[in-house]
Amino acid sequence: MPSSRLRTRSAGMLLGLALPLLGLSALASAQQSAPQSTQQSIQQPIQENRSELTMRALLAPQQEATLSSRMEGTLDELAVSLGATVAEGDVLARFDCRIEQARVNVANTELGVARLNSQAKDRLRRLDAVGDLEVALARAEVDKAQSALNLAAVQRDRCTLKAPFAGRIAAVHVKPFQTMAAGTPIVDLVGDGPLKVRLNAPSAHLAELGEGQPVSLDVSETGKRYAATLSAVSARIDAVAQTVELEARLDQAHDELMPGMTGRATLVAESPTTEDSDEGTP
């Protein structure tokens, strides 16, 4: 019995000594973990400075135009069809220009008559048969006839519609032998150069956007991902939609891409740092 009581007292004394030691160990571990948690809390805002913006994307050509009739008349020839590839200066359509050509012929004849009259006045002036005023009037008639010929030639040239840049025919709005008024759309021409990407980002992220930022483009029609770079930020915000228009250029040319294709674009936006925001605060 005395030995058992002695063992019980010894165990109690050891337990009493162990409890303070355990408390000190827990306190030390808590002090060691405190700097780590503080460091994580400091690093957390740095990680949040990068945010991804996902938005709808539209592929558009660098150059596109709706070419219209510059005169009233009948379409005599339509030289292109849907999807045709044309070079700069190629003839796209011709109108019936018999009237305009006749005006050019008349103006050319009048110019010849005026030149003959001016030459005759010059010879008479050397003989003192006419005065300087008559010679000057004859030369003015030559200039007037030349201007009339230039005007008639310009009107005749409007009968021919030529491609202002190289590209492809995206739409044909008329048919051969159709009579139309001036300003009637004839064809839609899109340039065959590199495409651009049109985007609309929330205006709240305007401060995070800048030229040169990488853009990842997923095109729905091809199912592929393409690399692009942000190239322009609009100077105006849509007050109704609260968006800002962006443009990006593809890093490489891809033959399978066409204007009008759509998809989703992901842009890594750089949020302003705390130091930058503090600089603007007085």
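By class, the lining of the largest cavity comes out as three nonpolar, three polar and two charged residues; here Ala, Val, Leu, Ile, Met, Phe, Trp, Tyr, Cys and Pro count as nonpolar, Asp, Glu, Lys and Arg as charged, and the others, Gly among them, as polar. The model is a predicted one, in which local features need pLDDT of at least 70 and side-chain atom pairs count only at pLDDT 80 or more, while totals for chains, interfaces and linings use all residues. Residues are numbered from 1 along each chain as its sequence is written, and side-chain values use heavy atoms, with hydrogens and water left out.

The residues around that cavity are S68, S69, R70, F95, R158, C159, T160 and L161. A cavity here is a set of points, on a 1 Å grid over the protein atoms alone, where a 1.4 Å probe fits but cannot get out; a pocket is an open set with protein on both sides within 12 Å along at least five of seven lines, and lining residues have an atom within 4 Å of a point. The space in the largest cavity is about 30 Å³, and the count of cavities of 30 Å³ or more is one. Volumes are the space filled by probe spheres set on the points, with grid points joined across faces, edges and corners.

C159 also turns up in a disulfide: its partner is C97, and the sulfur atoms are 1.6 Å apart. This pair ties together distant parts of the chain, 62 residues apart, with C97 in the loop between β5 (91-95) and α2 and C159 in the loop between α3 and β6 (160-162). The count of disulfides, taken as pairs of cysteine sulfur atoms within 2.5 Å, is one. Both cysteines are buried, C97 with a relative accessible area of 18% and C159 with 1%. Buried means under 20% relative accessible area, exposed over 50%, and partly exposed in between (1.4 Å probe, protein chains only).

On α2, the buried positions are E100, V104, A107, L111, A114 and S118. An α-helix has 3.6 residues a turn, so residues three or four places apart point the same way. The buried residues of α2 pack against α3 (132-157). S118, for one, has a relative accessible area of 8% and touches A138, R139 and V142, leaving aside residues up to four places away in sequence; contact means heavy atoms within 4.5 Å. After α2 comes D128, with a positive phi near 60°.

At least two lining residues come from each of β7 (167-172), β9 (185-191) and β13 (243-250), with β7 giving the most, three.

Taken whole, the protein chain has four helices and 14 strands, where helices (H or I, at least four residues) and strands (E, at least two) are DSSP runs numbered from the N terminus. Of its 282 residues, 27% count as buried. Among contacts with a separation of 6 or more, 74% are between residues 24 or more positions apart.
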